[in-house]
Amino acid sequence: MAASHDDIAALTDLLGREPATDFDVVVRGPAGTPVVVRNAPLTRDGTPMPTRYWLVDRALSAAVARLESGGGVRAAERAVDGAQLQTAHDAYAAERDAALAPGYDGPRPHGGVGGTRAGVKCLHAHYAYYLAGGADPVGAWVHAVLEQTR
């Protein structure tokens, strides 16, 4: 994964600290700024990183946080098909695990979207995966709700 120097500087500014994992920017805003990054499955010190896709745009993150604080996690779980959600978790985990080096036998990330094996844990993680092209019904639900509130 090769982020440019400018991408590393932008993400450092957005996070308020240097990123702990290698990443690349998979979704950019109109000005070219990072919106979604794809993390390596392990941090630089070898710690498992379950969150493959990370929503880093401040405005979108704030909008999703408002949705979460208003009961969005429970609403999303009620609104989406459980089988489709499980398929998204499985695909997310498979993609992340495939990025590990062949023969890697150390600690591994676990779970699907946001590190959970089932249900909805974090709307930010689902939305990031959806924006990056993942078939995530929760991310699609978040997108529709945000579009309605604009």
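Colleague: What kind of model is it?
Modeller: This is a predicted model, where local features need pLDDT of at least 70, side-chain atom pairs count only at pLDDT 80 or more, and totals for chains, interfaces and linings use all residues. Residues are numbered from 1 along each chain as its sequence is written, and side-chain values use heavy atoms, with hydrogens and water left out.

Colleague: How many helices and strands are there?
Modeller: The protein has 6 helices and 3 strands, taken as DSSP runs numbered from the N terminus (helices are H or I, at least four residues; strands are E, at least two). From the N terminus, the order is α-β-β-β-α-α-α-α-α.

Colleague: Which way do E1 and E2 run, parallel or antiparallel?
Modeller: Antiparallel, with 5 bridges joining E1 (residues 23-28) to E2; two strands pair if DSSP finds at least two bridges between them. Arg 28 has Pro 34 in E2 as its bridge partner. The hairpin has 5 residues between the strands, and Gly 32 there takes a positive phi near 90°.

Colleague: How many of E2's residues are buried?
Modeller: In E2 (residues 34-39), 5 of 6. Buried means under 20% relative accessible area, exposed over 50%, and partly exposed in between (1.4 Å probe, protein chains only). Across the protein, buried residues make up 43% of the 150.

Colleague: What does Asp 7 touch?
Modeller: Setting aside neighbours within four places in sequence, Asp 7 is in contact (heavy atoms within 4.5 Å) with Phe 23, Val 25 and Arg 28. The side chains of Asp 7 and Arg 28 are also joined by a polar contact of 2.8 Å. That term means a pair of N or O atoms within 3.5 Å; within protein, one must be able to donate a hydrogen and the other to accept it, and residues adjacent in sequence count only if both atoms are side-chain atoms.
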